[in-house]
Amino acid sequence: MTVWEIIADILIYGIFVYSIVLLFFYIFIGAYSIGETRDYLRKNSFTDYRTLATSSNAPSVSIIAPAYNEGATIIENVRSLLSIYYTNLEVIIVNDGSKDDTLQKMIDTYDLEKIDFFVIYQIPTKNVRGVYKSKNPVFKKLVVIDKDNGGKADALNVGVNISSHDYIVCIDVDCILEQDAILKMVKPFLDQTDNKKVIASGGVIRIANSCIIEDGRLTKVYLPKQYLPRMQSLEYIRAFILGRMAWARLNGLLLISGAFGAFDKEVVIKCKGYNHNTVGEDMELVVRMRRYMEEKKLPYKVTYIPDPLCWTEAPETYKILGRQRNRWTRGTIETLALHKKMFFNPRYNLLGMISYPYWFFFEMMAPLIEFFGFIAFLIMAILGMIAWKIFFALLLFIICFGYLYSAFGIYMEVITYNQYKRKREIARLALTALTEPFIFHPFVVWAAIKGYWDKLRKNSNWGEMTRQGFAKKPATK
Amino acid sequence: MDNALKKIITPEVLYALSYFFLGLFLFFLAITFINLFVQKWRYFTGLAVKEKINTLLQKALFTMQEDGTTLYPVYNKQELTLGTNAEKQIAIDELIRIRKNFSGESAENIINLYLALNLKEYSKRKFNSGFWHIKARGIYELYMMEQQDAAREIYKHTNNNNEFVRNEAQTATIHFLGFEGLRFLDTMSTPISNWQQIKLLEQLSALEPGSMGNLANWLNSGNDTVVVFALKLADIYQQFNVYNEVVACLNHKNEQVRWQAIVTLAKIADDTTAGILLSQFFKERFTNKLNIVNHLEPVATDNNLDFLLNVLNDDNHLLKLGAANIISKCCTDGMDIIRQKALLEPNPYEPIYRHIKSLHKA
Amino acid sequence: MVKILVAEDDRLMLSAIEFRLKKEGYQVITCPDGKSAIANIPVHLPDIVITDLMLPYALGFEIISHIKLIREKNIRILVLSAMGQEKTVEEAFELGADDYMTKPFNFSELSIRIKKLTKQGA
């Protein structure tokens, strides 16, 4: 055997094993999510969540919503947050040094006045310019913070510092929450019966494009009419109904969407809050919190609830979608790089042995492998080295597998929290699934590759401090 | 390509698998559509049942005489027939939802309607089911509809191995027996989640406070969650008679228990409490230190000023702020003390002083 | 005729209350959510508003604060809510509620309270 043959063999077997493991993960996730979903539905079929609203023993919660140049919509957004059902609640809006009239609009509408507030920088952040509260008792729950611009992570950290409550719910200010969202989000923290402390709980993100929104409330749900949002609806269904559910059951969840997640404030502070040096601050925080608990040998859990509670607009153009996926890729790379110590490290149990490697191989590496696979394919095709018969068979195989997975996702959606009740919508969703391998998927891979490229470039000239504000459309992974 | 792989992955195998997947794909799509159809059908039959229940409820709630007093409503047989179990379930859910809003005669009328519709039998069947989620629901329905005769049977499940069955059984027992029902805590070996504690306290809050004879025993329970729950009871119902037991809980090894004990102690305080909490302060880690400082308001006096001034000088700002707050509220000329401090050491005491001042204003 | 506006999100409850109050001889306007209550109150200028606290679009507190802005008439406010926490009740009164009833409630009790409020208003 020549060296080349050995290398070729390693590559072939490597890719073979990779694909088989990946397929098994998919099958496992699909199957494993069923039990978790069923149990969740059974456990909560007659839960009266309003008990939490009527009880004086309910835990206290702060909603933290950072706002940067949101002048056009801020009033509407805050109004909708103030109509959430929860008694022991504080709604903290952090104005991250907006250049527009975000702050002034809030001051005028909500009759705010600056109060003397001793800010304790438990997590180091940029300077807080002022804390505002309303003179009108009806807006008692509202706290507005004005601070120097420092990016989303920094704004969230300021919110954590100011929060006077036990649990925090971090959201994107422009997402639409169901009014009972907090009642449902808090429950997992109270459900604990073993010694495993619930440190964080994630929620589902749903796509609001084409839905009808009145006065900050979602009144009618439609499947997005445009292709990209529709495709993302399918993607989110698969990710949230199958993926997150299975990972939550394993207690291996690494990501809670920045757009909607709840945390135990004490643990967040002990971990020093969000990291403002990464674009993937939402994932990074969860990974760091888990790592902290593992290192302190404290039993813990990260949970997730499948009720559709948070709605957001998904990118409608290739340009914005591309930027979003570019950022997600960089966020993943940065997070995994920061915590590379855990990679197959038995000290971190399931986190180090399964969750981290899964993210490394199948979330972070996948686009790279696909991309180079495609390049290799092109070269081999030009050189006439492709065995076309087996190529087409493999292609068909993998496409059909993808279709099956999507169909299963749609099925699970329909039998659980179905939002798309019209037959036409489900048919369109299925048709959209058919186009995925040819249009959407290659694009997403390409965007991820660009993310890799940007990451490489940025690292080569480090020292240049690029202060990202918020991307216009928030990461809603 | 490598030979071994070539033998396993032949195009034939791949095509066969692809067709299999495709078949499954179509299968899932098909059952998805069937499901949609069934859901729609159920929705409409559900509407019909709801409509029926609505009419019956009007009758149940508002059969009135001219003088405004209510009469016992009379139903005819035909109105009272419900078909499938699904229909019965919808009817029960509607009745329970409405029943939650009412007390007194209106509630009684709803319960009578539940009986007239023969739904009790259905609930009992569920209660006897072997599936935990069905059993739990059966219990829920029976107590929401005040079926006292099931109380004994249900009580037996208050320590059931399944969390959801025992949760419902506990709630039901309180519902039926009031404070007396709390006796299930005597032998409780399973944990009570926070959620369940909240539910039980809600259930109790609707009742006249009753006797909690075994409270002292619960505070000594080997089951930590029972201790926490008992501490909450002592707090809410101001059980001064268990003061010593609560103090003893400060030595509990579970931090959660100590946390709640501190909170409770502040509520049932006497003139020894301040001293006890202060000495506890030095034994605790940060979270409970802060907890103690934040709960000193009802007990602190000028006698504790030295201690508070010490805490005011602590490195931790949260403790400083807590101490400043207590000094301002509990000590003679407390506000002045803080102001003096702010003059001496403007950083950080100046903003602390202003923070406290604005708290007082609010 | 005494005009009562009822804001309650459970349709069945809403129709039950409407039915009962009409029988007792009141004129009743029903609102299934906070938004429609806020829109309808200045139009109908009822004598009494019975409102839940947890309502779609706008919480009961917001409705109360809107009523307090109305100068043409002294509208009496009765809060009818499952929330019985001391803090919540205090907040309602602070904002200007005239009476507070917690659910579960009794219709005869509601009638008595309404009669009291009408007397106060007159």
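In this predicted model, start at the loop of chain A that runs between β1 (61–67) and α3 (74–82), because that is where you'll find A:Asn69. This residue has a phi near 50°, a positive value, and it isn't a glycine. Most residues other than glycine have a negative phi. As for cover, A:Asn69 is partly exposed, with a relative accessible area of 31%.

Look for B:Gln238 in the loop between α11 (224–236) and α12 (243–249) of chain B. Its relative accessibility is 35%, so B:Gln238 counts as partly exposed.

Most peptide bonds are trans. The bond from B:Asn347 to B:Pro348, however, is cis, with omega near 5°. B:Pro348 belongs to helix α19 (residues 346–361) of chain B. Over in chain C, C:Lys103 and C:Pro104 are also joined by a cis peptide bond, with omega about 5°. C:Pro104 sits in a loop, the one between β5 (99–102) and α5 (107–121) of chain C.

Next, go back to chain A and pick out A:Leu142 in strand β5 (residues 142–147). Is A:Leu142 buried or exposed? With 0% relative accessibility, it counts as buried, because the cut-off for buried is under 20%. Who touches A:Leu142, once you skip its neighbours within four places in sequence? Its contacts are A:Val78, A:Leu82, A:Val91, A:Ile93, A:Tyr110, A:Leu112, A:Tyr132 and A:Lys133. Take A:Val91 from that list: A:Leu142 and A:Val91 are 51 residues apart in sequence, yet their C-alpha atoms are 4.9 Å apart in space.

A:Ile93, another of those contacts, turns up again in the largest nonpolar core, which has 191 residues. Along with A:Phe260 and A:Phe263, A:Ile93 is listed as having the most contacts inside that core. Helix α13 (residues 388–415) of chain A gives the most to this core, with 15 residues. There is also a second, separate core of 64 residues, and B:Leu231, B:Leu265, B:Ala274 and B:Ile356 are among its members.

Finally, let's look at chains B and C as whole chains. Chain C has five helices and five strands, and from the N terminus on they run β-α-β-α-β-α-β-α-β-α. Chain B, on the other hand, has 19 helices and zero strands. The radius of gyration of chain B is 31 Å, well over the 21 Å that the globule rule gives for 362 residues, so chain B is more spread out than a compact globule.

Chain B exposes about 17,600 Å², with carbon and sulfur atoms supplying 55% of it. The accessible surface of chain C is about 5,000 Å², and 53% of that belongs to carbon and sulfur atoms.

Chain B carries 37 positive and 38 negative side chains, and the centres of the two sets are 8 Å apart. In chain C, the mean positions of the 16 positive and 17 negative charges lie 7 Å apart.

Definitions and conventions:
Residues are numbered from 1 along each chain as its sequence is written. Chains are lettered from A and ligands numbered from 1 in the order in which they are written. This is a predicted model: local features need pLDDT of at least 70, side-chain atom pairs count only at pLDDT 80 or more; totals for chains, interfaces and linings use all residues. Side-chain values use heavy atoms; hydrogens and water are left out. Helices (H or I, at least four residues) and strands (E, at least two) are DSSP runs, numbered from the N terminus. Accessible areas come from the Shrake-Rupley method with a 1.4 Å probe; for residues, only the protein chains shown count as cover. Lys and Arg count as positive and Asp and Glu as negative; His and the chain ends are not counted. The place of a charge is taken as NZ of Lys, CZ of Arg, CG of Asp or CD of Glu. The radius of gyration is taken over C-alpha atoms; the globule rule is 2.2 Å times the number of residues to the power 0.38. A nonpolar core is a set of buried Ala, Val, Leu, Ile, Met, Phe, Trp, Tyr and Cys residues joined through side-chain atoms within 4.5 Å. Buried means under 20% relative accessible area, exposed over 50%, partly exposed in between (1.4 Å probe, protein chains only). Contact means heavy atoms within 4.5 Å.
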